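Subject: Structure handover

Hello,

Here is the structure for you to take over. Please open it first; notes on what was found in it follow below.

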Amino acid sequence: CRPARCIPATNSLGSRLSGPAGRPGSWPRPFAAATFAAVVGAKRRFAVGSMAKEDPHLWLEEVSGEKCLHWAKEKNDVTLKKFGQPEETKMYAKILEILESKDKIAYVKKMGDFYYNFWQDADHVKGIWRRCTLEEYKKAPLEVNWELVLDLDALSKAEGQSWVWHSPKFIDLGPDEPKDICLLHLSPGGSDAEVIREFNVEKKDFVPEESGGFTIEECKSGVSFKSRDVLLVGTNTGADGDMTDSGYPCQVREWTRGQALKDAPITFHGKTTDVVSYSDRYFDRGVFHESRGRAITFYTSQYTWLHEGQWKTVDVPEDMNVSTFGDRFQFQLRSAWEVAGRSFAQGSLLSISIDSFFNGDLGKMDVLFAPTASESLEDSCGTRNFLVLSILEDVKTKLMFWEYKEGSWINRGELGLGMESCSLAAVEEEHSDELWVTVFGYTRPSSLFLMTVEDLCAGKLPSMQPLKTLPSFFKSDDIEVQQYFATSL
C-alpha cells in the first residue's frame with residue numbers, strides 16, 4: 001500500500017498512516033522532519049535536583065556565531081594535525097568522484113496516466129518537476145522524452161523567492177476520480193515553514209487565487225483534501241489557539257473554496273501543549289477514511305476515527321502506530337501489549353478489521369509479524385492485494401509476503417536476499433500489484449526493477465534485467481561478501 005501514515009514519526013508500513021508523518025505531501029512528510037525539529041530544536045533545559053538550569057552548551061546552537069566557529073576551528077585543527085588533510089589522499093579523490101557523479105536513477109511516482117519525477121542537477125539547481133509515460137521511462141536515461149511540469153529555478157527567478165521543493169499532495173477522491181489538481185508544498189529558502197499552493201497538472205500551472213485557487217501562506221501547516229472544493233487545514237490564521245507551543249497546528253478548519261480562511265469553521269482542536277493536531281481524509285483500497293489525531297509528544301498520539309457516521313476513539317496505547325490497509329487497522333507496537341487475553345511483543349505488527357475493533361472483538365487480531373532475538377521489522381510496502389514486509393534477520397534483509405483476500409490474510413512465504421538489500425515502492429497501490437524494486441549491495445550498484453509481487457515472491461528477481469542501474473565504480477568480479485559472527489566478552 002502506501003507509505004504508511006503515522007504519528008509522530010514517519011512510518012513506511014504498507015498501509016495508510018493515520019497522521020502527519022508518512023503520506024507524501026499531506027500532513028505527513030513535512031511534519032515528520034518538522035515535528036522532530038520542534039522537539040529537539042526547542043530551548044533545552046536539564047534538571048538538577050528540583051531546580052531547572054540553562055543548558056551550558058546552548059551557545060553551540062548559534063552555528064554561525066563567532067564563538068561557535070572559533071570552537072569548531074580549534075577542534076578541526078586538532079584532528080587535521082593528527083590525521084592530515086583528507087583532500088590529499090587518493091581515497092578522498094575517489095570518494096569525491098563517486099559523490100559528484102551525475103549518474104542518478106530518476107525514480108518516479110505514478111499519478112493518473114503519467115509517471116512524475118523531481119530532478120536536480122547542475123543545470124537545475126532548484127529542480128524541475130517533470131513527467132513521462134511508462135513507455136518513455138523504459139528507455140535509456142538520455143533518451144527519455146520528459147514533459148516539463150514546473151521549473152522551480154524559473155519560478156524562483158520570476159517571483160524573487162528562493163523556493164525549495166518539499167512535496168505535492170494530490171487530490172484523492174477514489175480510483176474513478178481524476179488526479180488533476182494537487183497542493184504543492186514549497187519552502188521559502190529551505191525552512192520548515194511552507195507556502196502551499198493549488199496546482200493544476202493538466203494546465204501545468206498554479207490555480208490563481210482570484211479564480212478560487214487555494215493558497216496557504218508561509219507557516220508550518222498541515223492540509224488534506226476533503227473534497228474537490230473543501231480542505232482540512234491546520235495553520236496560523238492569527239486566531240487564539242491556532243498553533244501549539246511547538247509552533248505547529250493545534251486547530252483544524254474546514255475550508256471551502258472561495259471562503260476566507262480565517263472564516264472557515266474549526267472542526268477539531270487539540271491542546272497547545274501537544275506537538276501537533278491534525279485531521280485527514282483519504283481513500284484506501286475501496287474504503288474512505290477520515291481521522292483526527294493529537295501528537296501529544298514525539299512518540300505518543302491519540303486517534304479518533306469516523307466510523308458508521310460517528311467519531312470514535314481508537315483505544316490503543318498512545319505509543320502505538322496506527323494505520324489502515326483497506327477495511328483494516330494495522331497496529332505497530334512500540335511496547336508490549338496485553339489485550340483480550342493475549343500478549344503481543346514490542347515490535348509486532350498486528351491487523352484487525354475496523355468493524356471488529358470498534359465492536360470490541362479484539363480476539364480477532366491477526367499477527368503479521370512478531371520479532372525474535374534475531375529478527376526485527378525494518379520496513380514494508382503494500383500494493384492493491386499484498387503487503388510485503390522487509391525483515392532484518394541477523395542484519396540481513398528478507399521479505400515476507402502477505403496476501404489480503406476475501407477479508408483474510410494469507411501468508412505467501414518468505415524470500416531471502418543473501419548479502420544484498422532492497423527497497424520497495426508500489427507503482428499504483430489502488431489498482432495493481434506492481435512494484436518498483438531497488439536492489440543494492442556491497443558489490444551491486446543500485447538497480448531498479450519493475451515487477452509484480454507474484455514474480456518477486458516466486459524468486460524471479462535474479463533472472464530479470466534491471467530497468468535502470470547506476471554505474472559500478474570499482475571492479476567487483478573477484479570480491480566475495482561474507483558475514484561472520486563474534487561473541488562479545
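The chain holds seven helices and 34 strands; helices (H or I, at least four residues) and strands (E, at least two) are DSSP runs, numbered from the N terminus. This is a predicted model, in which local features need pLDDT of at least 70 and side-chain atom pairs count only at pLDDT 80 or more, while totals for chains, interfaces and linings use all residues. Residues are numbered from 1 along each chain as its sequence is written, and side-chain values use heavy atoms, with hydrogens and water left out.

The chain as a whole

Of its 489 residues, 46% count as buried. Buried means under 20% relative accessible area, exposed means over 50%, and partly exposed is in between (1.4 Å probe, protein chains only). Among contacts (heavy atoms within 4.5 Å) with a separation of 6 or more, 42% are between residues 24 or more positions apart.

Strand β25 covers residues 349–353, and five of the five are buried, so the strand is largely enclosed by the rest of the structure. In a regular strand the side chains alternate between the two faces of the sheet. In β25, L349, S351 and S353 lie on one side and L350 and I352 on the other, and both faces are covered.

Two strands pair if DSSP finds at least two bridges between them. β25 pairs with strand β22 (residues 328–332) in the antiparallel sense over five bridges, and L349 of β25 is the bridge partner of Q332. β25 also runs antiparallel to strand β26 (residues 366–369), joined to it by three bridges. There, D366 of β26 stands opposite S351.

D366 itself is partly exposed, with a relative accessible area of 29%. Leaving out residues up to four places away in sequence, D366 touches R328, L349, L350, S351 and W409. D366 and L349 are 17 residues apart in sequence, and their C-alpha atoms are 8.6 Å apart in space.

Helix α2

Helix α2 has 18 residues (residues 66–83), which should span 26 Å at 1.5 Å a residue, and its end C-alpha atoms are 26 Å apart, which agrees. The expected span is 1.5 Å times one less than the number of residues. After α2 comes G84, with a positive phi near 85°.

Regards
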